[in-house]
Amino acid sequence: ILREASVAMLSINNIVVVYDNVILVLKGVSLDVRKGAITTLLGANGAGKSTTLKAISGILFTERGSITKGTITLEGKPIQGKRAFDVTSLGIAQVFEGRRVFESLTCEENLVAGAHIERDSGKIASGIELVYSYFPRLKERRNQQSGYLSGGEQQMLAIGRALMSSPKVILLDEPSLGLAPMLVEEIFGIVKRLVEREGLTVLLVEQNASMALAVAEH
């Protein structure tokens, strides 16, 4: 049963996205991401799911894409067209498809990198402890180079790194990709606890519809 929630933390209103001023990728996409809940965006490869996340996070512009129409708002304030750093500072963090950890850095160094907008060392330290409380396996591997972590551990690290910016909203792109079903279930369970206990808002992009619908409220 999908629980109704009335407050939208993040809203996308009729956006159109074009690459290289020519290639139309998204046309008239609108959706609300409910506050303190998991909203899932389902679709096949090439449907434009990842492009939607990049449009929100500001990454789109580094790939020669642009929003030519429509608005994106966070808590009612427009954010479309802002740089990725500024979007992160406003409270949105993206976990990319394929994990993309810094392989030459240790697990803990990756977490510190995720706190690039934070200048208070005390808050960085408490952020690391929060991540370790949800992902104890990362604490065990804190001094290990992240390139040697398993796929599941790298996905945990990617989510943990996103948490280090103290986000209001996390954009999760295909977290189940390439992982064994048991690991997928474990990671999705942790994400659900983060929403319930920390008040996090999640926009989840997934091809694994059965797992996504099992945790999503909309």
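A salt bridge here is a side-chain nitrogen of Lys or Arg within 4 Å of a carboxyl oxygen of Asp or Glu. The side chains of E153 and R141 meet this rule, with N and O 2.9 Å apart. E153 sits in helix α6 and R141 in the loop between α5 (136-140) and α6, so the pair ties together parts that are twelve residues apart in sequence. Helices (H or I, at least four residues) and strands (E, at least two) are DSSP runs, numbered from the N terminus.

A word on the model before going further. This is a predicted model, in which local features need pLDDT of at least 70 and side-chain atom pairs count only at pLDDT 80 or more, while totals for chains, interfaces and linings use all residues. Residues are numbered from 1 along each chain as its sequence is written, and side-chain values use heavy atoms, with hydrogens and water left out.

## Salt bridges

The structure holds ten salt bridges. To describe how covered their partners are, buried means under 20% relative accessible area, exposed means over 50%, and partly exposed lies in between (1.4 Å probe, protein chains only).

| Pair | N to O distance | Relative accessibility |
|---|---|---|
| E63 and K54 | 3.1 Å | E63 32%, K54 14% |
| R83 and D86 | 2.9 Å | R83 55%, D86 27% |

In the second pair, E63 counts as partly exposed and K54 as buried. In the third, R83 is exposed and D86 is partly exposed.

## Helix α1 and what follows

K54 also brings us to helix α1, as it is one of the buried residues there. Eight of the nine residues of α1 (residues 49-57) are buried, so this helix is largely enclosed by the rest of the structure. The buried set is K49, T51, T52, L53, K54, A55, I56 and S57. Just after the helix, G58 takes a positive phi of about 90°.

Further along, in the loop between α1 and β4, R64 has a positive phi of about 60° although it is not a glycine. Most residues other than glycine have a negative phi. R64 is exposed, with a relative accessible area of 62%. S166 is another non-glycine residue with a positive phi, in this case about 50°. S166 belongs to the loop between α6 and β7 (169-173) and is exposed at 58% relative accessibility.

## How α3 and α6 pack

Two packed helices are described by the angle between their axes and the distance between the axes. The axes of α3 (residues 107-114) and α6 (residues 151-163) come within 7 Å and cross at roughly 35°. These axes are lines fitted to C-alpha atoms, for helices over the stretch in contact, and angles run from 0 to 180 degrees between N-to-C directions. The crossing is right-handed, a term used if the near helix is turned clockwise from the far one by less than a right angle. On the α3 side, C107, N110, L111 and G114 take part, and they meet L157, G160 and R161 in α6. Contact means heavy atoms within 4.5 Å.

## Two buried threonines

T73 lies in strand β4 (residues 65-74) and is buried, with a relative accessible area of 15%. Leaving aside neighbours within four places in sequence, T73 is in contact with M9, L10, S11, N13, P78 and I79.

T88 is found in helix α2 (residues 84-90) and counts as buried, at 15% relative accessibility. Not counting residues up to four places away in sequence, T88 touches H116, I117 and S165.

## A nonpolar surface patch

V22, I23 and V25 form a nonpolar patch on the surface, with about 260 Å² of accessible area together. Patches are made of residues with over 30% relative accessible area and no salt bridge; like charges are joined within 9 Å, and nonpolar side chains (Val, Leu, Ile, Met, Phe, Trp, Tyr) within 5 Å. Accessible areas come from the Shrake-Rupley method with a 1.4 Å probe, and for residues only the protein chains shown count as cover. V22 is placed in the loop between β1 (8-19) and β2 (23-34) and is exposed, at 67% relative accessible area.
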